[in-house]
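I opened a new notebook page for this structure. I wanted its overall build first, then its rings.

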Amino acid sequence: METILNYFETIPPIHRGAIIVGGLTFFWILEGAMPLFNFNYKKWKHAVPNIFFTITTVAINLPMAFLLLLSADWVMVSNFGILNWLPEMSLALYVVLGVFLMDFFGAYLPHLIEHKVPPLWMVHLVHHSDHKVDATTANRHHPIESIIRYTFTLIGVIAIGAPIGLIMLYQSLSIIATQFSHSNIKLPKKVDKLISYVLVSPDMHKVHHHYKMPYTDSNYGNIFSVWDRLFGTYMELDTDKIVYGVDVFPDETKNGNIKDLLKQPFQKYQKPTSFETKN
C-alpha cells in the first residue's frame with residue numbers, strides 16, 4: 001500500500017492521461033462485445049463532443065493541480081482534517097477511508113447540489129443531455145462544471161486532511177469508476193446487483209440518466225453506492241424502461257453539437273417533469 005501511495009504522489013501527467021485513454025479504450029471494446037442497448041448510431045461521431053469535453057476537463061484540471069498540492073501539503077503540516085484527527089490506524093484502512101470520504105466530498109455532494117440548484121443544474125445539463133449514454137459520456141462535463149467539481153474536491157482535501165498521494169489515487173479510481181458505470185455494457189443482473197451493494201454499477205447509474213424525474217434525481221454516487229443508500233437517494237428501474245436524455249431538452253441534434261452544448265448553461269431554466277414512481 002505504501003508503494004502505491006508513493007507512486008501516486010509523483011504520478012506523471014502522461015500516466016494520468018494513460019489511465020483515461022486506457023480505461024476508455026477498454027470499455028469501448030467491451031461495449032462492442034456485450035452491449036446493454038444496441039444503439040443505432042455512428043459511435044465515433046457521437047464520441048466527438050464527449051471527447052471534446054473530456055479534453056477540456058483535463059485542460060482545466062492539470063494547471064489547477066498545484067492547488068491540490070498546496071492544500072495537501074498544508075493539511076499534513078498543520079495536522080488538519082478528519083484523517084489527521086482520528087486515532088492511528090493501519091495504512092490500508094487509512095487509504096480506504098480516505099478514498100471513501102473523498103468520494104463523498106468530491107463526487108456525491110457536488111453532484112447532489114448540482115441537481116438541486118437550478119443554475120448549477122443548467123451547467124450539469126450538458127452531461128445529462130446525452131441521448132446515447134456510453135463510456136465516452138463519463139467525462140462529458142461543461143468547463144464550468146469542471147471548475148465546480150474541482151472546488152468541491154479542494155474543500156474535501158482540506159476537510160479530510162488528505163495527502164497528495166491519496167488524492168491522486170482517488171482521482172484515478174474515480175475516472176475508471178465513472179467510465180465503468182456509464183459504459184453501455186450488459187452484466188448479468190445478479191452480478192450487477194451484487195456490485196451495487198458497495199460500488200456504483202452500470203445498471204444502477206443508468207437509472208440516474210433516465211429522462212424523467214424522480215429517477216434523474218437519484219443514484220448520485222460515483223465510486224461507492226453507500227452514499228445513495230445512506231442518504232435515501234437510491235432508486236431502481238428496469239433497464240428496458242430507461243430512456244436517456246432530459247425530457248424538457250429533447251433536441252438530440254442540438255444536444256450533440258459542441259457549440260450548442262457550450263451554450264446550454266445559459267438557456268432559460270425549465271423545471272424537469274416529475275411523475276409517479278410506479279410509472
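Before the surface entry, I note that accessible areas come from the Shrake-Rupley method with a 1.4 Å probe. The model I looked at is predicted.

**Surface.** I looked up the accessible surface of the protein and found about 13300 Å². Carbon and sulfur atoms hold 68% of that surface. I also checked burial: 53% of the 279 residues count as buried.

**Fold.** I read off 13 helices and zero strands. I then looked at the extent. The C-alpha atoms fill a box of roughly 50 × 40 × 35 Å along the principal axes. Next I looked at contacts between residues at least 6 apart in sequence: 77% of them join residues at least 24 apart.

**Charges.** I found 22 positive and 22 negative side chains. The centres of the two sets lie 9 Å apart.

**Rings.** I looked up ring pairs whose centres lie within 6.5 Å. The count comes to 20 aromatic pairs. One of them joins F80 and W85 edge-to-face, at 5.0 Å centre to centre with 75° between the planes. F80 is partly exposed, because its relative accessibility is 30%. W85 has 55%, so W85 counts as exposed.

F104 and F105 also pair edge-to-face, at 5.2 Å and 80°. I then traced the ring pairs onward: they link F104 and F105 into a cluster with F100, Y108, Y220, F224, W227 and F231.

How values were computed: Residues numbered from 1 in each chain as written. Predicted model: local features only at pLDDT ≥ 70, side-chain atom pairs only at ≥ 80, totals over all residues. Heavy atoms only, no water. Helix = DSSP H or I, 4+ residues; strand = E, 2+ residues; numbered from the N terminus. Buried < 20%, exposed > 50% of the residue type's maximum accessible area, 1.4 Å probe, protein only. Contact = heavy atoms within 4.5 Å. Lys, Arg positive; Asp, Glu negative; His and termini not counted. Charge placed at Lys NZ, Arg CZ, Asp CG, Glu CD. Phe/Tyr/Trp six-rings, centres within 6.5 Å; stacked < 30°, edge-to-face > 60°.
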